[in-house]
Amino acid sequence: MRHPFPDPARPAGTSRRTVLAMACASLVTAPLLAPSRAAATPARAAGLDDPAKKEIAMQLVSSAENSSLDWKAQYQYIEDIGDGRGYTAGIIGFCSGTGDMLDLVELYSDRSPGNVLARYLPALREVDGSDSHEGLDPGYPDDWRRAAGDPEFRRAQDDERDRVYFDPAVRRGKEDGLRTLGQFAYYDAIVMHGDGGDPASFGSIRDRALGNARPPAEGGDEVAYLHAFLDARVWAMKQEEAHSDTSRVDTAQRVFLNEGNLDLDPPLDWHVYGDSYHIG
């Protein structure tokens, strides 16, 4: 969704439709692993690619991206939110200015030639890397919503989300020896920051964390490493004014980590941008 650019944060109680920058949130300190939750946790439970855990991941991301747990309602979403990335749309915020929307529509057109979005491919190639709507307006938003009624387009969105964001995050998390929460922390970082080469990308965030702690695959303590990773993530978010509200880390992922919930087991309670959420 965000390669090469990250997604802007939203103020409390607002949706992605009213994006505003907010003051920097204070970084939460890292207490010790809660022994009661840790003692009840199996040594190796299902990873984030377990269907039930993946559903939780989609809801957690949607709470931050769409101010809703109903991530499946976002296939038809499309809007220019004024962040310099052109149109933002779909379940993971594919952007006309960052290449992933173009990849998605190309995949959809390969599978369903002559679909309602296929005629916009030349324009999507032209506007890639900019916030321009040239060749897309006025019909593109309505046609996107129309395409969202096609199961093949929804399937294409799922597949591109997995190919570009979800699968790489889970794979890297497992390689680092991380359990479900750590894999999710990687996924949320790639969704927002992309996996490019800039200083605020996922790879740079991970490198920054590795400078302070070792992951379990290298003999390190998982809790200490995840705190280092979240610290690095907060640093990266604060490099852009639109990310100055770090609550999706501080009052969500950090909460689960402080509880010792490394397997991301429900019930889950968290806050993002001032809104409260619960998964029972």
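These legends go with a set of close-up views of a predicted model.

Figure 1. Start by getting your bearings: the chain has 10 helices and 5 strands. Of its 280 residues, 55% are buried. If you take the contacts between residues at least 6 apart in sequence, 66% of them join residues at least 24 apart. As this is a predicted model, check the confidence too: pLDDT averages 86 over the chain, and 83% of the residues score at least 70.

**Figure 2. A look into the largest nonpolar core.** This core holds 77 residues, and the ones touching the most other members are Tyr140, Trp144, Tyr187 and Phe229. Helix H9 (residues 222-237) supplies the largest share, 10 residues. Nonpolar side chains do tend to be buried together in soluble globular proteins. Now zoom in on Tyr187: leaving out residues up to four places away in sequence, Tyr187 touches Leu48, Met58, Val61, Ile92, Arg161, Tyr165, Phe166 and Ala169.

**Figure 3. Helices H3 and H5 cross.** Here H3 (residues 100-111) packs against H5 (residues 140-147) at an angle of about 50°, and the two axes are 14 Å apart. That angle makes the pair oblique to each other. Which residues make the contact? On the H3 side, look for Met101, Leu104, Val105 and Tyr108; on the H5 side, find Tyr140, Trp144 and Ala147. The crossing is left-handed.

**Figure 4. Helices H6 and H7 pack together.** H6 (residues 151-175) and H7 (residues 180-193) meet at an angle of about 145°, with 8 Å between their axes. This time the crossing is right-handed. H6 brings Arg161, Val164, Tyr165, Phe166, Ala169, Val170, Arg172, Gly173 and Lys174 to the contact, while H7 brings Gln183, Tyr186, Tyr187, Ile190 and Val191.

Figure 5. You'll find Leu121 in helix H4 (residues 121-127). Is Leu121 buried or exposed? Its relative accessible area is 10%, so Leu121 counts as buried, the cut-off being under 20%. Not counting residues up to four places away in sequence, Leu121 touches Leu102, Val105, Glu106 and Ser109. Gly135 is 14 residues from Leu121 in sequence, and their C-alpha atoms are 9.5 Å apart.

**Figure 6. Arg233, a buried arginine in H9.** Arg233 is part of helix H9. With 0% relative accessibility, Arg233 is buried. Who's around it? Setting aside neighbours within four places in sequence, Arg233 is in contact with Ala185, Asp188, Ala189, Met192, His193, Ile205, Arg248, Val249 and Gln253.

**Figure 7. Helix H10 under cover.** How many residues of H10 (residues 247-258) are buried? The count is 10 of its 12, so this helix is mostly covered. Ser247, Arg248, Val249, Asp250, Ala252, Gln253, Arg254, Phe256, Leu257 and Asn258 are the buried ones. Their cover includes helix H2 (51-65), H7, H9 and strand S4 (268-272). After H10 comes Gly260, which has a positive phi, near 75°.

How values were computed: Residues numbered from 1 in each chain as written. Predicted model: local features only at pLDDT ≥ 70, side-chain atom pairs only at ≥ 80, totals over all residues. Heavy atoms only, no water. Core = buried A, V, L, I, M, F, W, Y, C linked by side-chain atoms within 4.5 Å. Buried < 20%, exposed > 50% of the residue type's maximum accessible area, 1.4 Å probe, protein only. Helix = DSSP H or I, 4+ residues; strand = E, 2+ residues; numbered from the N terminus. Contact = heavy atoms within 4.5 Å. pLDDT = per-residue confidence, 0-100. Axes fitted to C-alpha atoms, helices over the stretch in contact; angles between N-to-C directions. Parallel < 35°, antiparallel > 145°, perpendicular 65-115°, else oblique. Left-handed = near helix turned anticlockwise from the far one by under 90°.
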